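Biologist: Before we start, could you take me through this structure slowly, and set each term against its rule as we go?

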There are 2 protein chains.
Amino acid sequence: MPQMTLRDIAYALGLSVSTVSKALRDSYEISKDTKERVIAYARTNHYLPNRMAKSLKEGKSGSIGVVVCSIDNSFVSRMLDGIDGVCAQAGYDIVIMQSKESLVQEKSCLKQLEARGVEGILISPSAETIGFEHLLALRETGMPIVLFDRISERFESDQVGIDNYHAAFQATEHLLANRYRRIAMLNIGLDIPFARLRSAGYLDALKKKHLTYGKQLIRPCWPDTGETLKDRVRASIQSLFELAEPPDALFTATDQLSTLSLSVLHEMGHRIPEDIALIGFSNTELADVLTPPLSTIYQPALEIGRLAAEKLIGLISGRGLSEEYETVILPAQLHIRDSSRPGVKVQVNG
Amino acid sequence: MPQMTLRDIAYALGLSVSTVSKALRDSYEISKDTKERVIAYARTNHYLPNRMAKSLKEGKSGSIGVVVCSIDNSFVSRMLDGIDGVCAQAGYDIVIMQSKESLVQEKSCLKQLEARGVEGILISPSAETIGFEHLLALRETGMPIVLFDRISERFESDQVGIDNYHAAFQATEHLLANRYRRIAMLNIGLDIPFARLRSAGYLDALKKKHLTYGKQLIRPCWPDTGETLKDRVRASIQSLFELAEPPDALFTATDQLSTLSLSVLHEMGHRIPEDIALIGFSNTELADVLTPPLSTIYQPALEIGRLAAEKLIGLISGRGLSEEYETVILPAQLHIRDSSRPGVKVQVNG
DNA sequence: CTGTTAGCGCTTTCAG
DNA sequence: CTGAAAGCGCTAACAG
């Protein structure tokens, strides 16, 4: 039997379809006796309700759409784990789609998810996503949306993420405290809301120390077509070392940039932190066993995923209809390790 | 407008629902003129066909179920990326579920996916999955299934994975060639088909060199309740070092065991490879920048995902009805780095 | 307590 | 070429 239906049960038991339906849903209007018969039959014959039919009927699919830049990313997959945990618990399953950092792709994902009838959407916008009109439009249709990870002040919405500005500020201050003075930054596209905040935190920390090179040492790393991100990172670092005054420290703004920079610096034969110190956003559990142990800004990925999913499920179930959008800011943690330990160049006074 | 339907279009254009439906599907029985009107209207009003309805009607959901042990695993997420690429291309979306290495959980995932109406299933079985009756039963109902990554000779099915026996044999031989003689192995549960093969490869390599300690140096790492995998790894390594003749090399049978072992050995203050050499299955791109650079057996994760997805889509579309199940074995690559470089203990002849 | 009926949005005969 | 009608499997309002 390919797929048993209510009709099959009804026929076998000499009942009507609706009676069977109600019995299975434990309706008060069905006799205990009938319920038992129906349930017993359903069990022994491994009846499985057809969710497509149920979905169509009820107008809800029992699934949630998740859009991320890429699934093949340790930070992202950790957040997905958090999301999945909460959703599975609540009986939703998740449909994951990848934007691959493309806005066009992101829109296409959203369209598909909408068509598929997901009841809500969790999204970490692509790097190309500057405006949020498409999300606004989607929300207009009644689709609950929660932004996670890559949050933005420019989009009024429920959001869960970290304080990017503050985290970057702290990391830069840490480098400064360890006597580094020419701190370069590798960032992804500068227009991206969260990347912007990370730059701003970095710049403000420099300003506070009266360092005046401003944006000169920031390198946006956005691969051209036919180029890998690693190529871009290599070129950026190369260009920094070719400066008249090369940097003595490097601050990397994303998980991928951090580990790629480490690889590239190794390739190029630079010693860390002697030649250049390094600190970056990163969630790898391997930070401790890297060469050298990598100082990182750790983001609570699992927690971000969990909270975002909980918020969304709240919205779907109609709670949190408070009209008020809520932005949850989780703290990021500075994990200081060897790659940013105090430089040996002693500051000569006078 | 929450969701526009064919009826809305029909009403707006003074046509019937079926005409609109046919027009949109470019049926030959509809005039060019009508088609154009309908299509134009649909476009400008952003009509999206309701996939739940379509699914119900056609009995197919346009989605594929994927069951993995955990999504938060760099090796797994890479395979998922491969799967997603192929599926997205073919117009399927994927519903990912996690077994968390539990058979009960795995069965539950399968049930849910079946109920959801996925058209096929890609599964990397849990560590507890010794028998395959549940998969057999599911396939009996007509569900196409492809096993990937954790393949098994005990289950006649389409499968995509690597030659576990040979990879383990090679890795062990490599250690032997570098003069290591007491090689320990960390594995996960010993009953798991692929883990078994890895043990077998290891044992046969030892046997070939007439090393007689056999299984004594194998440690299955399976966390007890309330214990993390890392705790288990720590305890296992501890026990190895407490032996009268402790090992001079360690071979780890999975991605996680490899990186955890590295961490634990660091924690315990052992030098690698001076105190103990290390080689393991691992797909981390960070292998080169670890301390020391880690020798690994690299599995073509993306490719495994891709091929498995292609195979499944082939099955779904009715191709490959050859009755013959096909097992695709991809080569794993030995990436030799410092963690297994030749030991200093010179073998004295005579 | 149980059954009949209508309909979710779409596709697909089968008549016009 | 177009439309009416049936039905996918399920739920729910409404009769009996």
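Modeller: Let us begin at the DNA, where a base nitrogen of DNA strand D is 3.0 Å from an N or O atom in the side chain of Ser18(B). Please keep in mind that this is a predicted model.

Biologist: Which elements give two or more residues to the surface near DNA strand D?

Modeller: They are α2 (17-24) and α4 (51-58) of chain A, together with α2 (17-24) and α4 of chain B. By class, the residues of this surface divide into eight nonpolar, nine polar and eight charged. Of the atoms of DNA strand D within 4 Å of the protein, 58% belong to sugar or phosphate, and the rest belong to bases.

Biologist: Turning to the two protein chains, how do you know what kind of axis relates chain B to chain A?

Modeller: Chain B can be laid on chain A with an RMSD of 0.1 Å, by a turn of 180 degrees and a shift of 0.1 Å along the axis. That is the relation of a two-fold axis. The same surface serves both copies, since 98% of the contact residues of chain B recur in chain A. Among the residues of chain B, Leu290(B) comes closest to the rotation axis, with its C-alpha at 2.0 Å.

Biologist: Why is the pair Asp72(B) and Arg78(A) called a salt bridge?

Modeller: The rule asks for a side-chain nitrogen of Lys or Arg within 4 Å of a carboxyl oxygen of Asp or Glu, and the closest N and O atoms of Asp72(B) and Arg78(A) are 2.7 Å apart, so the pair qualifies. Across the interface of chain B and chain A the rule finds six salt bridges.

Biologist: How much area is buried between chain B and chain A, and which residues of chain B lose the most?

Modeller: The buried area is about 4000 Å², of which carbon and sulfur atoms give 57%. In chain B, Met52(B), Arg116(B) and Val289(B) lose the most area to chain A, together 18% of what that side buries.

Technical notes:
Residues numbered from 1 in each chain as written. Chains lettered and ligands numbered in written order. Predicted model: local features only at pLDDT ≥ 70, side-chain atom pairs only at ≥ 80, totals over all residues. Heavy atoms only, no water. Least-squares fit on C-alpha atoms with pLDDT ≥ 70 in both. Contact = heavy atoms within 4.5 Å. Buried area = accessible area lost by both parts, 1.4 Å probe. Near = heavy atom within 4 Å. Polar contact = N/O pair within 3.5 Å; in protein donor to acceptor, adjacent residues only side chain to side chain. Helix = DSSP H or I, 4+ residues; strand = E, 2+ residues; numbered from the N terminus. Nonpolar A, V, L, I, M, F, W, Y, C, P; charged D, E, K, R; others polar.
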